[in-house]
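I opened this notebook to record what I looked up in the structure. The entries follow the order in which I worked.

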Amino acid sequence: MSSVSVSRIAGTVLALTIVIPGCSMAPYTQTPRPATRPLPPPVVDRGVTSPERPAMPAPVVPAPVYPAAPVQREQPPAVVALLDTAEVQANSGDLDAAAVTLERAIRIDSRNPILWHHLAQVRLAEGESVQAEQLATKSNSLAAGNYALQARNWQLIAEARRNRGDEDGARSAERQVRNLKSH
Amino acid sequence: MARRRKRRRKTSRNKKTRRSLWLKLLLVPGLVLAAYLVYLDIQVRHQFDGKRWSLPARVYARPLEIYVGLPLTADQLAAELSALHYRPVRAARQVGDVSRNRNVLHFITRPFVHLDSTDPSRNIRVSIADGAVSRITDGVSGKAISLVRLDPVMVGSFYPSHNEDRVLVKLEEVPPALINALIAVEDRGFYSHRGVAPLAILRALWANVRARGVVQGGSTLTQQLVKNFYLTSERTLTRKLNEAIMALLLEWHYDKDEILEAYLNEVYLGQDGSRAVHGFGLASHFYFERPLAELSDEQFALLVGLVKGPSYYNPRRHPQRARQRRDLVINVMAELELLDPEQATQAKSREPGVSRYQEKAINTFPAFLDMVRRQLRRDYREEDLTSEGLRIFTTLDPQSQWQLEKVLDARLARLEKWQGLPGDTLEGAAVVTSIQGGEVLAVAGGRKPRFAGFNRALDAQRPVGSVIKPAVYLTALEQPERYTLATLLDDTALTYTAPNGDVWAPQNYDREFHDQTPLYNALAHSYNVATARLGLAVGLRQVTGTLKRLGIEQDLPPYPSLALGAVELSPLEVTQMYQTLASGGFRTPLRAIRAVLAADGKPLQRYPLQVKASVQPAAAFLVTTALRYAVRQGTGRALYQALPATLDIAGKTGTTDELRDSWFAGYTGDRLAVVWVGRDDNQPTGLTGSTGALLVWRDLFAQLSDPAPLQSLVEEIEYQRIDPLSGQLAGEGCQDAVELPFIQGTAPQESAPCAYDAGPLQHPVDWFKELFQ
């Protein structure tokens, strides 16, 4: 299933990033606008090699369980289905329902940074710039090694800050975007 | 002409005078009567409009989402379906049927209006292997399905003070068979009369004589409905007259369908303890545990038969009587050709199929509902909660709740036996949450789960002891230039003199001191003296600040003993504190409610997932690592006597003076639970955190397989091998080296002496002593 679902995920993520930034340009309206600016690059959990794992420790000491890196893991089909639904809902302007659907997906796969990123996008589109920034920060905390997603989160944070009139904060977030893109 | 006219005028004047006299004589009673009619009219309309919408709020658990990989046993799925009153059958055919073949369950879901969408009925086959869902297919086509959501279990209602309950049905949802049977038996002229039917009384008499029993009553459905508007069942002539007038008025204002719909929802059909069962919708659930749409003809007949006397024909108390009455109704239905003779015979041959009565107190999970109600009271008025028919979607996970209730009481009973305490001496409380979503999955307010008394999970403020310590260590680790997990802490005798002259000299639990010990080890073994020194070193105001950021809202006094937990918190507050830690430093206000919907399904209020970055993720990561050591090597190691080593846990015990309170707070990748054990009279229990609350926690998580990793990778974290005795880098020669995470650039630079010694090792203790010579 992996090849099918991975490409499907890519498609879904691409579609969502097309749709939701469209409405994020107009944060205080519920109606999504068609994207008029160049499409942002698709966010794909491109995966990263896990950090070097030290040799097994002595048996007396508990083996450290290394935290899971967000490597290219299979997205559960249930999460794919919910992302599809969220996309349809966001497309039709029903951001509330899209948020509910994304929360359902987070219950199933709570450490998936892409889901948190999408929830941040929906909140931004709803005009909830503080929550949008917090959710993007949360997404980043789960996206170690995924620089593309981190850059997108910082971009979203910049937009959220600008919406609140925090121009300095927005610029500092944009510097993060540039740093990450040079990775 | 003029004369005539005059005379005429005179005559008419006379007539007028006489008429006005009559009018005057009539006016007073006429006005009184008119006023009375207006009064009745207002009353009848008020009652009718009011009654139609007086609905208790319904509280639902979370709907179970089934997907491949979900940890779930076949028994758990069966229990969930049973709580939803799905019928166990040999082959599932109808909505609400379930059949089970060992680890494969086949069922047909009920349609349900969820928060985000209406899920239609689906024919589903779920296979389970090794404690998880392995396959979901469409029961008809065999096509794979990725996700199925069940309808949520209803876990309670908020009733108005007069304890009436109903499940509102719309006329178009009511099966015609039921309506036909009802009209046939109770009021054949319903569609033609104007509220009162004098002839019906005679007809009823005749029918009763013919049937040699009472099959028909004389009053119309409209009159019966009016009768229900009164709360008493007094039988006087005035009352009968009033009812007749009100019936006429009702018919004048409302059409037949409206009256019938109100009747179907209003009629009194039984008693469930203090709860009055009104309407066919609720009666269907009360007697058959399923919605009206799923009943068969003979079940309709039984319900219709009950109208005449819900107590006299109570099918649970008087099954024979109820059955005779049912058969009588079936005969009437056959007579009017609502059933053909064969159907009637078949219907009569069937058992009534009334479910066994369950004392399901109105609210199944009082402690959880208490929490829901408190949260709602902030946003709604009491009368809206009990009359507007709100639908409240909560976060309750019945699987976790059942498990919690089971293990808490059982474990406390065992602990009492072990401690030689009389039964029911110990009390307990617990809260279980999902970590990332901050959703409250289960709450125990005491060991008797159906008892809606003191809710210890929310209201018991108890000294917390060592469960507070992670806040002290977190405060330190948020200064990575000063503290790492390998930093050696001083666990030598401490005497602290407060500004007022009080002297404080904390002791370790084992009454010994441990000299220099790495920070992670001091937390894992819960060394009091090292922690007290650390608290003083980082600053107690810093520690109270950390506790605030973790989600403790009350102001805590910055006394030195705070670092050792000499403060009182409720289990829920402790849970909030650990939620922030467990979720990598993001605080999510714990939620018991997802959303509130109006009776018509319109969303009124959402309680969305909210997060707030409150603690540096890297520092939270380090504390979680130390808490892993606490349960692998330290005070919490009793956990792994009964849990698989593969289940990764971080946790902390807490014990208070003279063993009065026993705490355990612990989390896996997905779930967090905080358990308190103690006594309501605050006497010693003889239990430490490890011998009391920890065991409850262990029992609770024994059934759990948690595939989520405990920690997520944090970019600025790197691992180093450390020699625990020196807190320095370990080389090949070092025994018992540990692999510890560090924030990049903060790992020790020096190598431990053992690292240079590839030959036979020095005895570590000797080496340790040398260090201090």
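**Entry 1: the model and its domains**

I noted at the outset that this is a predicted model. I then looked up how chain B is divided. The assignment gives domain 1 (2–53), domain 2 (59–152), domain 3 (160–349), domain 4 (408–701) and domain 5 (717–771). For domain 2 and domain 3 of chain B I read a distance of 35 Å between the C-alpha centres.

**Entry 2: a sheet in chain B**

In what order do the 5 strands of the open sheet in chain B stand? I found the order 11-1-15-25-26, with mixed pairing. Strand 11 (154–158) and strand 26 (603–606) of chain B are the edge strands, and each pairs on one side only. On average, neighbouring strands of this sheet are turned by 20° against each other, direction ignored.

I followed one pairing in detail. Strand 15 (residues 391–394) and strand 25 (residues 593–597) of chain B run antiparallel and are joined by 4 bridges. Within strand 25 of chain B, Ala595(B) is the residue that Phe393(B) stands opposite.

I also checked which helix covers these strands. Helix 12 (residues 366–377) of chain B lies across strand 1 (57–60), strand 11, strand 15 and strand 25 of chain B. Its direction is at about 120° to strand 15 of chain B.

**Entry 3: helix 3 and helix 4 of chain A**

I turned to chain A. Helix 3 (residues 95–108) and helix 4 (residues 113–125) of chain A pack at an angle of about 160°, and their axes are 10 Å apart. Helix 3 and helix 4 of chain A are therefore roughly antiparallel to each other. Their crossing is left-handed. From helix 3 of chain A the contact includes Leu95(A), Leu102(A) and Ile106(A), and from helix 4 of chain A it includes Trp116(A), His118(A) and Val122(A).

**Entry 4: helix 4 and helix 5 of chain A**

Helix 4 of chain A also packs with helix 5 of chain A: the axes come within 8 Å and cross at roughly 170°. Helix 4 and helix 5 of chain A are therefore roughly antiparallel to each other. Among the residues that meet are Pro113(A), Trp116(A) and Arg123(A) in helix 4 of chain A, and Gln131(A), Leu135(A) and Lys138(A) in helix 5 of chain A. By class, the contact has 8 nonpolar, 4 polar and 2 charged residues.

**Entry 5: helix 16 and helix 18 of chain B**

The crossing of helix 16 and helix 18 of chain B is left-handed. Lys469(B), Val472(B), Thr475(B) and Ala476(B) in helix 16 of chain B meet Thr531(B), Leu534(B), Gly535(B) and Val538(B) in helix 18 of chain B. These residues divide into 4 nonpolar, 3 polar and 1 charged.

**Entry 6: where the chains touch**

How many residues does each chain give to the contact? I read 36 residues from chain A and 40 residues from chain B. On the side of chain A that touches chain B, helix 2 (77–91), helix 3 and helix 5 (129–141) of chain A are the elements that give two or more residues. Helix 3 of chain A gives the most, with 9 residues. By class, this side of chain A has 25 nonpolar, 6 polar and 5 charged residues.

Notes. Residues numbered from 1 in each chain as written. Chains lettered and ligands numbered in written order. Predicted model: local features only at pLDDT ≥ 70, side-chain atom pairs only at ≥ 80, totals over all residues. Pairing = 2+ DSSP bridges. Axes fitted to C-alpha atoms, helices over the stretch in contact; angles between N-to-C directions. Contact = placed C-beta atoms within 7 Å. Domains from an automatic or database assignment. Parallel < 35°, antiparallel > 145°, perpendicular 65-115°, else oblique. Left-handed = near helix turned anticlockwise from the far one by under 90°. Nonpolar A, V, L, I, M, F, W, Y, C, P; charged D, E, K, R; others polar.
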